[in-house]
Amino acid sequence: MTVRAAETTTSAWIRRFHPAPAAAARLVCFPHAGGAASFYFPVSRALSPDVEVLALQYPGRQDRRTEPCVEDLGILADLITGELGTWCDKPLALFGHSMGATLAFEVARRLERDGVRPCALFASGRRAPSIHRDDRVHLSSDAELLAGMVRLGGTSAQLLEDPELVGAVLPATRADYKALETYRYVPGPALHCPLTVLTGDADDQVNLDEAAAWAEHSEGEFDLEVFPGGHFYLAAQAAAVIAVVRGRLATEVPGLAR
């Protein structure tokens, strides 16, 4: 992988809400199914200027809504890995929530394969890649899919009363669920980077055993952080989550204060 100093402009894939050229490290943030880069604006604001956040914008949403969605997690990981080559001139960490956690893991595998070792991987709200459930949400009716989004807590029921918004959000959400639910872990070398897993104690999408199973996927230091809350626990626990991220990065990156 070619590594060169990052330019101030970003690609269609990356949103840099708070540019911080002097940051000691970068944190790449991977949205959940149906999510967008803007979900991580508060994270960017909280960590800047010590850590520069690069929030990913998948095709098919917000300003990329006219582009076809990617329905294969492996292809999506390949595309994102190619985009990150520009940003590896300083320590690079990855944070993903839900679908984003599995995607971040696959990108971390590809980075290490190409000789770029992430300084940390944060996997939130998702069972270990080797743990499979036969979920088929992507085959649900529109009404069932929308109800599920509200139940998980990541989307306001009031927002989904807007037909125009539903028309914009639903295709990307269904495509993301298809990518996630058709994903199958392919055994391979364990990661070498530190791995921090974060989960809510009332999340029905992942139990504690499924979260703990992430430990088999990295030879680096492993931490499991459990917070009060459901699948989107991190909304109410934002300050605590940020503290965990900053603490781990401070351990791994010289010169970064806690």
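Modeller: The lining of the second largest pocket holds 14 nonpolar residues, with no polar and no charged ones (nonpolar: Ala, Val, Leu, Ile, Met, Phe, Trp, Tyr, Cys and Pro; charged: Asp, Glu, Lys and Arg; polar: the others, Gly among them). This is a predicted model, in which local features need pLDDT of at least 70 and side-chain atom pairs pLDDT 80 or more, while totals for chains, interfaces and linings use all residues. Residues are numbered from 1 along each chain, and side-chain values use heavy atoms, without hydrogens and water.

Colleague: What volume has the second largest pocket, and which residues are the closest to its centre?

Modeller: A pocket is an open set of points on a 1 Å grid over the protein atoms alone where a 1.4 Å probe fits, with protein on both sides within 12 Å along at least five of seven lines; lining residues have an atom within 4 Å of a point. Here the volume, the space filled by the probe spheres, is about 260 Å³. Phe39, Pro42, Val43, Leu234 and Ala238 are the closest to the centre. Strand S2 (25–30) and helices H1 (41–47), H7 (233–236) and H8 (238–252) each give two or more lining residues; H8 provides the largest share, four. Helices (H or I, at least four residues) and strands (E, at least two) are DSSP runs.

Colleague: In what order do the seven strands form the sheet?

Modeller: Strands pair when DSSP finds at least two bridges between them. The open sheet runs S1-S3-S2-S4-S5-S6-S7, with mixed pairing. S1 (14–15) and S7 (222–227) each have a single partner strand, so one side of each lacks a neighbour in the sheet.
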